[in-house]
Amino acid sequence: MSDVWLIVAVVGGVTMLFKSAGALLLGGRELPAPAMRAIRLLGPAVLAALVVVNAVGGDRALVFDERLVGVGVAVIALALKAPALPVVVLAAASTAVVRLIA
Amino acid sequence: MERPEVRTGTRLALPFALAVGAFGVSFGVLARAAGIGPLAATVMSGTTFAGSSQFAAVGTIEAGGAVASAIAAALLLNARYLAMGFTVAPALGGSRLRRFVTTQLMVDESWAIAHLGEGRYDRHRLIGAGFLLYVAWVAGTLIGSLGADLVGDPEAFGLDAAFPALFLALMWPQLKAREPLVVAIGGGAIALALIPWTPPGVPIVAAAAACLVGLRRR
């Protein structure tokens with residue numbers, strides 16, 4: 001099995017289990033409140049890391065390049081309450097323009 | 001038969017479905033940029049059906065991360081479905097298979113639409129909203145990944161900058177309260193500190209430790 005299909009299979013299978021576990025396995029019981037809180041905070045923790053790694057990550061090095069222009073434009077657009085999709089398009093377009101000029 | 005509630009769910013999900021479909025297209029395009037073909041991308045959308053985690057897997061591959069890191073990053077983001085699954089469980093009925101299928105239609109938007117308030121959920125709304133969003137997401141992915149050939153060199157179009165912008169946009173609405181904001185800053189700082197020292201992908205997984213703030217007593 002190729003790496004891509006391994007990722008597709010494992011992520012798909014385990015996600016199905018995550019979604020259905022409450023309804024199927026632990027009938028009626030609830031998770032402890034601190035566990036529920038920690039699980040909910042996984043979102044911001046991992047998303048913030050994904051922002052950082054995709055913005056300045058290189059191969060074992062911090063790389064500051066045209067991507068940062070796109071990220072800066074995204075921050076401004078989000079602060080102006082733009083919806084997610086236009087934010088992403090603006091970020092890609094501004095980076096592309098800077099590359100074209102540079 | 002409470003069919004009207006299914007239709008209510010579908011109607012409430014319509015504006016989200018347009019956005020989800022468009023995001024599906026962008027997932028297809030970005031997946032191709034990271035070397036994932038139309039079939040694999042579409043199967044992933046049909047089985048995982050959780051946008052941010054799919055982008056996380058693709059983003060980790062794009063950043064040069066290992067298979068294990070890509071899987072871990074995606075699953076850490078999807079762990080919230082464990083918590084969400086517990087909240088809707090009391091509202092579900094029927095056979096085990098029926099309950100299983102219903103929970104698979106749960107994504108952030110359909111979960112929110114199914115919420116009637118005070119922790120009560122309506123499974124028909126969940127089905128009506130979830131099914132429409134599912135079709136939009138899978139169809140969007142297929143269209144995007146097939147159309148990705150038209151894009152050509154991904155970097156010339158700034159698609160590498162689309163990744164951080166996308167994760168920023170997904171995270172933004174979650175930062176209104178103080179605790180998630182602190183956790184996000186912590187997660188970002190962990191990632192930044194580890195990038196020069198660890199293989200790509202590891203900083204993303206390690207940053208999850210910031211969520212442990214939620215465990216402390218209050």
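A: In this predicted model, one such place has A:Leu42, A:Gly43 and A:Val46 of α2(A) meeting B:Ala73, B:Leu76 and B:Leu77 of α4(B). Sorted by class, the contact of α2(A) with α4(B) holds five nonpolar residues, one polar residue and no charged residues.

Q: At what angle do α2(A) and α4(B) pack, and how far apart are their axes?

A: The angle between α2(A) and α4(B), which is residues 67-78 of chain B, is about 140°, and their axes are 8 Å apart.

Q: And at what angle does α2(A) pack with α10(B)?

A: With α10(B), the helix of residues 178-194 in chain B, α2(A) packs at an angle of about 40°, and the axes are 7 Å apart. The two helices, α2(A) and α10(B), are therefore oblique to each other, and α2(A) passes α10(B) in a right-handed crossing.

Q: Which residues make that contact?

A: On the α2(A) side they include A:Leu41, A:Pro44, A:Ala45 and A:Val46, while on the α10(B) side they include B:Glu179, B:Pro180, B:Val183 and B:Ala184. By class, the contact of α2(A) with α10(B) has 15 nonpolar, three polar and one charged residues.

Q: Stepping back, how many residues of each chain are in contact with the other chain?

A: There are 63 residues of chain A in contact with 84 residues of chain B. On the side of chain A that touches chain B, the elements giving two or more residues are α1 (3-24), α2 (33-56), α3 and α4 of chain A, and α2(A) gives the most, with 21 residues.

Q: What classes do the residues on that side of chain A fall into?

A: The side of chain A that touches chain B divides into 45 nonpolar, nine polar and nine charged residues.

Q: What about the largest nonpolar core, which residues there touch the most other members?

A: That core has 108 residues, and A:Ala45 and A:Val46 are the ones that touch the most other members. Its largest share, 14 residues, comes from α2(A). Leaving aside neighbours within four places in sequence, A:Ala45 is in contact with several residues of chain B, among them B:Val183, B:Ala184, B:Ala207 and B:Cys211.

Q: Changing topic, where is B:Ile127, and is B:Ile127 buried or exposed?

A: B:Ile127 lies in helix α8 of chain B, residues 123-147, and B:Ile127 counts as buried because 20 C-beta neighbours are inside 10 Å, where the cut-off for buried is 20 or more. Leaving aside neighbours within four places in sequence, B:Ile127 is in contact with B:Val6, B:Gly9, B:Thr102 and B:Leu105.

Q: How far apart are B:Ile127 and B:Leu159?

A: B:Ile127 and B:Leu159 are 32 residues apart in sequence, and from C-alpha to C-alpha they are 34 Å apart in space.

Q: What is the phi of B:Phe49, and is B:Phe49 buried or exposed?

A: B:Phe49 has a positive phi of about 45°, although it is not a glycine, and its place is in the loop between α2 (38-47) and α3 (51-62) of chain B. B:Phe49 is buried, with 24 other C-beta atoms within 10 Å.

Terms used
Residues numbered from 1 in each chain as written. Chains lettered and ligands numbered in written order. Predicted model: local features only at pLDDT ≥ 70, side-chain atom pairs only at ≥ 80, totals over all residues. Helix = DSSP H or I, 4+ residues; strand = E, 2+ residues; numbered from the N terminus. Buried ≥ 20, exposed ≤ 12 C-beta atoms within 10 Å, placed from the backbone. Contact = placed C-beta atoms within 7 Å. Nonpolar A, V, L, I, M, F, W, Y, C, P; charged D, E, K, R; others polar. Core = buried A, V, L, I, M, F, W, Y, C linked by C-beta atoms within 7 Å. Axes fitted to C-alpha atoms, helices over the stretch in contact; angles between N-to-C directions. Parallel < 35°, antiparallel > 145°, perpendicular 65-115°, else oblique. Left-handed = near helix turned anticlockwise from the far one by under 90°.
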